[in-house]
Amino acid sequence: MSEALLDIAGLRVTFAGGTAAVRGTAIAVNRGETHCLVGESGCGKSVSALAVMNLLARGASRSADRLRFAGEDLLSLSDTGMARLRGNRMAMIFQEPMTSLNPAYTVGSQMTEVHRRHKGSSRQVATDRAAEMLARVGITAPGMRLGQFPHQLSGGLRQRVMIAMALMCDPELLIADEPTTALDVTVQAQILRLLAGLQRDLGLAVLLITHDLGIVARVADRVSVMYAGEVVESARTNDLFARPQHPYTRGLLDCVPVPGKIRPGEPLGSIPGVVPRVRAGFQGCGFRDRCAFAMPECAAEVPRHAAGEAHDYLCRLAADWSGLRGAA
Amino acid sequence: MLRFLIRRLIVALLVAATVLTLAFALTRLSGDLAISIAGPNATQQDVELVRKAYGLDRPLIVQFGSWVGRAAVGDFGESYFFKQRVASLIGERMPITVTLGLVGLAIALAISLPLGVLAAAQEGRLADRIVQGITLIGQAMPSFWLGLILMILFGIRLGWLPVSGTGSWQHFVMPGIVLAFTAVPALTRLTRSGMIQALSSDYIRTARAKGLSRLSILLKHALRNAAIPVVAIAAVQLGFMLGGSIVIESVFALHGVGFLAWESIGKNDFPVVQAVVLVLAVIYVGLTLAADLVNAVLDPRLRGQ
Ligand SMILES: Nc1ncnc2c1ncn2[C@@H]1O[C@H](COP(=O)(O)OP(=O)(O)OP(=O)(O)O)[C@@H](O)[C@H]1O
Ligand code: SF4
Ligand SMILES: [Mg+2]
């Protein structure tokens with residue numbers, strides 16, 4: 001298998017207060033694939049994505065065993081080297097379409113500046129490209145929209161503008177952090193269809209962060225499940241729905257047992273308890289407070305098991321411990 | 001937007017009316033004007049003549065009405081002391097005060113904006129602490145004292161700048177710096193807090209995600225939003241500066257409107273005092289209105305309404 005486009009291993013992020021938000025995350029996003037990152041609120045999905053883009057707030061410290069994009073080592077890249085990749089070869093869109101655009105500048109000004117910066121294009125070329133991209137994301141009358149300010153657009157339109165802006169420079173990777181969560185249900189479906197279509201047509205690799213298992217079932221090639229700062233299970237989508245291994249994954253899926261019948265908007269499974277806030281120096285399985293199978297050994301370091309091709313999980317239990325499934 | 005401006009205009013007119021009344025009332029409260037105009041050697045008869053001649057024997061409300069009526073068309077009467085039309089007196093002095101105010105504001109912005117941006121970009125680090133220290137010291141320093149220090153250093157010791165008078169642009173440098181210092185602490189702090197708020201906003205995260213340069217993020221994306229409240233306060237500060245020029249104009253013997261007011265108060269020259277107070281107040285109100293307009297230009301969300 002060729003090298004993944006985005007290859008993350010042992011990613012750690014600790015905040016100044018001592019919160020270990022990400023603890024050794026490993027994710028591999030292949031070219032042209034949609035990789036979903038799921039997990040409950042606060043498990044470290046956004047922080048992982050921001051760490052990849054090197055967009056963490058000051059006071060956060062990042063380290064990794066491996067952080068490579070298109071064969072390039074992001075860890076050894078300077079700030080300017082990283083800035084040259086961002087918005088150019090790797091782009092990101094966010095959960096908050098209402099506040100993610102600068103209120104003081106027009107849509108056109110914000111869209112063209114990214115193309116001019118990375119491609120060195122003239123104003124005219126950049127403007128043409130911006131109009132083309134607005135049309136591409138399904139915005140009618142792009143010429144008129146280019147002259148408008150963000151406050152003149154609805155939330156759905158703003159998220160379309162964000163997507164168009166992210167794709168201005170034809171990136172290889174798009175990181176989308178819950179791009180539909182803040183939108184109306186009908187608009188959510190439109191934006192999701194749009195993203196899936198663009199991914200297919202442009203051969204984009206997408207790292208899609210979501211709460212929504214319905215979305216995962218519809219668009220993901222691969223899924224990584226995060227819990228308390230770790231990826232506890234990663235597999236091809238069909239495989240994960242058919243043979244979930246980690247007790248947390250099983251808990252999530254228990255509410256939605258039949259893979260083909262998941263509807264969009266379905267929340268993650270309800271497992272009693274909440275995600276613990278993990279401090280630096282925490283040892284053992286982060287899920288053990290809520291796990292029905294917890295045993296004393298779970299407080300020590302947990303092994304990563306393989307459960308078939310390209311499917312692994314982080315748990316004491318041996319693969320296909322299905323005899324226990326009913327107890328979950 | 002239009003409704004917003006009309007509302008502001010009404011408020012401005014109310015302020016102007018209040019100032020008008022106060023200016024009138026203050027001069028009438030400070031003793032019998034007829035006596036002070038007639039002079040120390042006047043007889044009771046002279047005083048009565050003066051009272052009649054200046055219309056001071058009429059009821060107060062009538063005096064007020066006629067004064068307002070004439071003030072509205074720019075006729076402030078004649079100065080008792082200078083024996084000259086008040087309007088032309090103020091007209092002669094105003095350019096000096098306005099020049100001083102603009103020089104002061106320009107210097108204040110030239111210092112505050114870079115300091116505020118620097119402090120915000122380096123929040124919590126050494127540069128930020130130093131800037132915050134400067135604003136604290138600046139606030140504690142009385143302006144006449146700073147004026148004297150500058151005079152001694154640059155005027156007398158080094159001989160680089162003239163100490164008093166209005167002959168050339170160099171005359172405005174020291175008073176401009178002193179005047180600027182009254183506004184620097186507030187403007188710097190406002191720039192810093194505005195920048196810190198802007199830098200932590202989602203659109204700055206977007207700008208960084210677009211790979212823009214640090215300079216473009218700071219000066220294009222953050223400063224443009226942080227500048228909106230700074231502009232409003234800068235206009236208000238210019239109003240304060242024009243008022244505060246009374247002290248500085250007397251320290252540096254600049255013969256502007258502030259100096260005129262100072263002279264006239266001492267001489268009980270009430271048409272001049274009233275007119276200066278009124279003119280400064282109208283300018284102040286005009287400046288706050290202008291600030292609203294500039295705000296509207298800078299903030300597209302206001303413009304659209
Ligand atoms: N700037 C910060 N300073 C301190 N702690 C932070 C900061 N940002 C995030 N955290 C903490 O890091 C942890 C992970 O947060 P993160 O935003 O990645 O969660 P998430 O999985 O994206 O959740 P959600 O689904 O709600 O977006 C949380 O416990 C959060 O409180
Ligand atoms: S390691 Fe132990 S506590 Fe953690 S999920 Fe597996 S069985 Fe449960
Ligand atoms: Mg998040």
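Residues are counted from 1 along each chain as its sequence is written, while chains are lettered from A and ligands numbered from 1 in the order in which they are written. Because the model is predicted, local features need pLDDT of at least 70 and side-chain atom pairs count only at pLDDT 80 or more, whereas totals for chains, interfaces and linings use all residues; side-chain values use heavy atoms, with hydrogens and water left out.

Ligand 1 comes first. Its shell holds 13 residues, and the closest are Ser41(A), Gly42(A), Lys45(A), Ser46(A) and Val47(A); to be near, a residue needs one of its heavy atoms within 4 Å of the molecule. Helix H1 of chain A (residues 45–53) supplies the largest share of this shell, three residues. Helices here are DSSP runs (H or I, at least four residues), strands likewise (E, at least two), and both are numbered from the N terminus. By residue type, the shell around ligand 1 splits into four nonpolar, five polar and four charged. In this scheme Ala, Val, Leu, Ile, Met, Phe, Trp, Tyr, Cys and Pro count as nonpolar, Asp, Glu, Lys and Arg as charged, and the others, Gly among them, as polar.

Several polar contacts go to oxygen atoms of ligand 1. A polar backbone atom of Lys45(A) sits 2.9 Å from one ligand oxygen, and a backbone N or O atom of Val47(A) is also placed 2.9 Å from an oxygen of ligand 1. From the side-chain direction, a polar atom of His211(A) lies 3.0 Å from an oxygen atom of ligand 1. On its own, ligand 1 exposes 640 Å², and the protein buries 69% of that. Such areas come from the Shrake-Rupley method with a 1.4 Å probe, and for residues only the protein chains shown count as cover.

Ligand 2 also has 13 residues around it, with Cys285(A), Cys291(A), Cys298(A), Cys315(A) and Arg316(A) as the closest. Its shell divides into 10 nonpolar residues, one polar and two charged.

Elsewhere in chain A, Leu314(A) belongs to strand E13 (residues 312–314) and is buried, at 12% relative accessibility. The labels run as follows: buried means under 20% relative accessible area, exposed over 50%, and partly exposed in between (1.4 Å probe, protein chains only). Leu314(A) and Thr249(A) are 65 residues apart in sequence, yet 11 Å separates them in space, C-alpha to C-alpha. Gln159(A), in helix H6 (residues 155–166) of chain A, is buried too, with a relative accessible area of 0%. The Gln159(A) side chain reaches the backbone oxygen of Pro179(A) at 2.9 Å. A polar contact is a pair of N or O atoms within 3.5 Å; within protein, one must be able to donate a hydrogen and the other to accept it, and residues adjacent in sequence count only if both atoms are side-chain atoms.

Two residues other than glycine have a positive phi: Asn54(A), near 55°, and Ala253(B), near 50°. Asn54(A) is in the loop between H1 and strand E4 (60–63) of chain A, and Ala253(B) is in the loop between helix H10 (214–251) and helix H11 (257–266) of chain B. Asn54(A) is partly exposed at 25% relative accessibility, and Ala253(B) is partly exposed at 25%.
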